[in-house]
Amino acid sequence: MQVQRFGFIATALLGLGITVSMVSGLTSAGVLPVLAKAAAVAVSFFAVYFARKYGVFR
């Protein structure tokens with residue numbers, strides 16, 4: 001149970017890291033922040049989904 005809880009928290013931090021890095025990188029490249037956030041949410045969602053599906057809740 002503790003291992004699954006750790007995996008759940010780790011994937012949340014993974015999603016946060018992806019979102020922050022993508023928004024930061026895209027806005028510094030000149031993309032509008034709202035578009036950068038939309039792209040980051042999509043990538044982060046799928047990354048966290050697959051990490052949880054195949055890693056945490058297998």
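Which residues of helix H2 (residues 33–56) are buried? They are Ala36, Ala40, Ser44, Val48, Arg52 and Val56. Buried here means under 20% relative accessible area, exposed means over 50%, and partly exposed lies in between, with a 1.4 Å probe and protein chains only. The model is predicted, so local features need pLDDT of at least 70 and side-chain atom pairs count only at pLDDT 80 or more, while totals for chains, interfaces and linings use all residues. Residues are numbered from 1 along each chain as its sequence is written, and side-chain values use heavy atoms, with hydrogens and water left out.

The overall form comes next. The protein has two helices and zero strands; helices (H or I, at least four residues) and strands (E, at least two) are DSSP runs, numbered from the N terminus. Its radius of gyration is 13 Å, well over the 10 Å that the globule rule gives for 58 residues, so the protein is more spread out than a compact globule. That radius is taken over C-alpha atoms, and the rule is 2.2 Å times the number of residues to the power 0.38. Along the principal axes, the C-alpha trace spans about 45 × 15 × 10 Å.

Of the 58 residues, 19% count as buried. The accessible surface comes to about 4200 Å², and carbon and sulfur atoms hold 76% of this area. Such areas come from the Shrake-Rupley method with a 1.4 Å probe; for residues, only the protein chains shown count as cover.

Now back to helix H2. The cover over its buried residues includes helix H1 (2–28). Among contacts with a separation of 6 or more, 61% are between residues 24 or more positions apart, where contact means heavy atoms within 4.5 Å.

Threonine 19, in helix H1, gives a local view. This threonine is buried, with a relative accessible area of 13%. Leaving aside neighbours within four places in sequence, threonine 19 is in contact with Lys37, Ala40 and Ser44. Its side chain and that of serine 44 are joined by a polar contact of 3.4 Å. A polar contact is a pair of N or O atoms within 3.5 Å; within protein, one must be able to donate a hydrogen and the other to accept it, and residues adjacent in sequence count only if both atoms are side-chain atoms. A polar atom of the threonine 19 side chain also lies 2.8 Å from the backbone oxygen of glycine 15.

Leucine 35 belongs to helix H2 and counts as exposed, at 51% relative accessibility. Its C-alpha atom is separated by 20 Å from that of leucine 14, 21 residues away along the chain.
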